[in-house]
Amino acid sequence: MRVLLTLVLAVCWLKLCAQPSAGLHLYTDAQGRFRFAYPPGWQLQQTGRQLILTPGATGPASAPPALTIVVLPDTLSRLPTRTRQDTLWHSIRQLPQAQVLQVAEQAAGSYQQLRYDYTYAADSALPGARIRVLGRRLWRGGSEYQLEYRAAGGPETQWLQARQLLESFAFPNADVAAPRTRAPQQLCDDKMYGIAALRYRNDLWEDDCRTIHEFSVADPSRPPRIHRQVLPFQSYALTKGFDNCLYSVTKAPTNAPEYVYRYDPATRTGRYTSWQLPAQGPATVWIAAATDERGRLFFSTSDASKLVRVNPADGAVQLVWSTDPVRQAAYYAAIALDGAGSHGNFCLDTAGTLYQVYSTDGSLIKIDLKSRKPAPQLLPLAGLPERGGYSDLLFHYDAAGRRRLYLAGPKALYWVDMASGQTHFVRRGVYTDLAGCNLFRAPSGPAAPAALATVWRGRVLDAATLQPLPKAQLQVGAGPQLLPLAPDGSFTFPAETNRPVRVRVQQPGYLPTDSVYGGGSGPYVQDILVQPLTVGTMLHLNDVQFEQGTTRLLVTSYPALDELLAMLKQNPGLTIQLRGHTDNVGDPQKNLALSEQRVAAVRIYLVGLGISPRRITGIGLGGAEPRASNAREATRKLNRRVEVRVTGTK
């Protein structure tokens, strides 16, 4: 495998010095103009005017993966950023079978930058081999900085390290420090965040804990903006500072000091801070974080035995307690049994009050931070669907100053009416921690300005061949109008900054696409892929669900079934096989029979609406082909499903 990561600096060669931080080696040039970090295990070598970093040990005859820093004269600093984006997009489109994942323009205060992520067909004897390129280009002070990682495959850990290195590049004197207190004019951006516990990859659900979902508190039920794999480690803990940046720490049970990581969702950049949490203790992990009314960050361990406070104003790290205060409560014995659950997840309210959530049933535990004394009784909540898996709390103030408590459950997000203790469903999702404007109150004044406009450009491409589909029907946003496509499949859509949009694409011979694409903070480029209907193509009907233990379809199943019906009518030569699945709970033979009966129910529905029964076959597989782990309910429910397999495309 050949990997090359090139960092082109349009400045004279500068002497670098190293210092360790959070397991990373930090490099800053002698004049303090830029810095970056690289992971442990990478080797450093200087050759002439080049600095070469190679990840890991390699054999003597191999071409090692490398990070190379070279000097390049600046040739584009006087061009407008949009022109620079056009130039880059044009060059990408000249590559064979290119797909643009992202080309985004961003203004970052004292400098301009482009971020890009694309793939193209490799010039290789191996069919299907592709090169992926991640990069940043920055313009500041008459100099151009180009950072680029280019690889043909490779282990995921190496990609994460390369992305982490790219994101760590920064201009120290351009950093925005967290304010000591919230200024009167400072407004909360009315966004909340959650660390996604799961991700879907290779037809399986697996642990994630690196991806962050961004929600608008005005309507958190809307599809989130996805910050995919932006944390350099798996994490359970996330909080939002007064600078509207997110702060996190690894969930690894290292029992060693760990540095806090800062991520800016506006610029999608992150790096480690100098704030170091103490060793968390044996057999426990950092599980939750929150922010108080003074902008200080708090981190708690999973056994609630350690609470640590970080003051961003001066970087001071202080241990708040080293013994779980709930041990004083009469109910402690009932919630501290082996296997009974945890209560380390917490949030902060006004007047120095800390609330914890008992993971088994969602009950609340109230603690006075000053006295470190718990309330005498648990606060039970009503309306929660099941036991087990309640993972975090967040008090959030909206733009009008209204307070609402959010609760992350085993399958969904809820809000809590504190007066009655009643919970209300908000949206589906499994989140390890929540972060938001914990104690920010927006000052009264004129109405917020209208959303800023930007432009989304891209192409509609065949997902298999990456060839353009200029005849596709593209619908973007809520309106019924179709967006025109150019002969090369390209489009231009006037979007709002940082706001996801719904995209629907239809074309005979292809699976209908109905997805959400994340908006950028400036003009951006992103292609849309449409999957061709070929023999063997699988369509997952995630929203087709049944009453437990029966063949009765839930009402929420019909929109997905109607989309399948429309696809069959639009493609009269299409034949399909319905495949029914269950989880592994119960008798395997009964599960097999139930899966067959559910397939029959879906087939009856389609035939009743005009589809020839000869075009639909079915098979029940019971629990033989799990799509996710059956170890816990959060993933086990994903195995109770019906899928569609294309069997013919005459």
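Predicted model: local features only at pLDDT ≥ 70, side-chain atom pairs only at ≥ 80, totals over all residues.
1. Ala375 touches Tyr331 and Lys366, where contact means heavy atoms within 4.5 Å and residues up to four places away in sequence are not counted. Ala375 lies in the loop between β28 (373–374) and β29 (392–397). Its C-alpha stands 10.0 Å from that of Leu364, and these two residues are 11 apart in sequence. Strands (E, at least two residues) and helices (H or I, at least four) are DSSP runs, numbered from the N terminus.

2. Residues are numbered from 1 along each chain as its sequence is written, and side-chain values use heavy atoms, with hydrogens and water left out.

3. Pro282 counts as exposed because its relative accessibility is 63%; exposed means over 50% relative accessible area, buried under 20%, and partly exposed in between (1.4 Å probe, protein chains only). Pro282 and Asn255 are 27 residues apart in sequence, yet 5.7 Å separates them in space, C-alpha to C-alpha.

4. Helix α5 (residues 588–608) has 21 residues and spans 30 Å from its first C-alpha to its last, close to the 30 Å expected at 1.5 Å a residue. The expected span is 1.5 Å times one less than the number of residues. The buried residues of α5 are Asn591, Leu594, Ser595, Arg598, Val599, Ala601, Val602 and Leu606. Seen down the axis, they fall within an arc of 150°, so they line one face of the helix; the arc is that of the directions from the helix axis to the C-beta atoms. The face turned away from the buried side carries the exposed residues Gln589, Lys590, Ile604 and Gly608. Packing partners of the buried residues are α4 (558–570), β42 (574–581), β43 (616–620) and β44 (641–649).

5. Helix α4 has 13 residues and reaches 18 Å between its first and last C-alpha, close to the 18 Å expected at 1.5 Å a residue. Buried in α4 are Ala560, Leu561, Leu564, Leu565, Met567 and Leu568. These residues cover an arc of only 160° around the axis, which puts them on the same side of α4. Pro559 and Lys569 are exposed on the face turned away from the buried side. The buried residues of α4 pack against β41 (538–541), β42, α5 and β44.

6. Four strands form an open sheet in the order β16-β15-β12-β33, with antiparallel pairing; two strands pair if DSSP finds at least two bridges between them. The edge strands, β16 (225–227) and β33 (431–435), each pair on one side only. Neighbouring strands of this sheet are turned by 25° against each other on average, direction ignored. Axes here are lines fitted to C-alpha atoms, for helices over the stretch in contact, and angles run from 0 to 180 degrees between N-to-C directions. Five bridges join β12 (residues 191–196) to the antiparallel β15 (residues 212–216), and Gly194 has His213 in β15 as its bridge partner.

7. Which cysteines are noted as buried? Cys209 is buried at 4% relative accessible area, and Cys245 is buried at 2%. A search of the whole structure finds zero disulfides, a disulfide being a pair of cysteine sulfur atoms within 2.5 Å.
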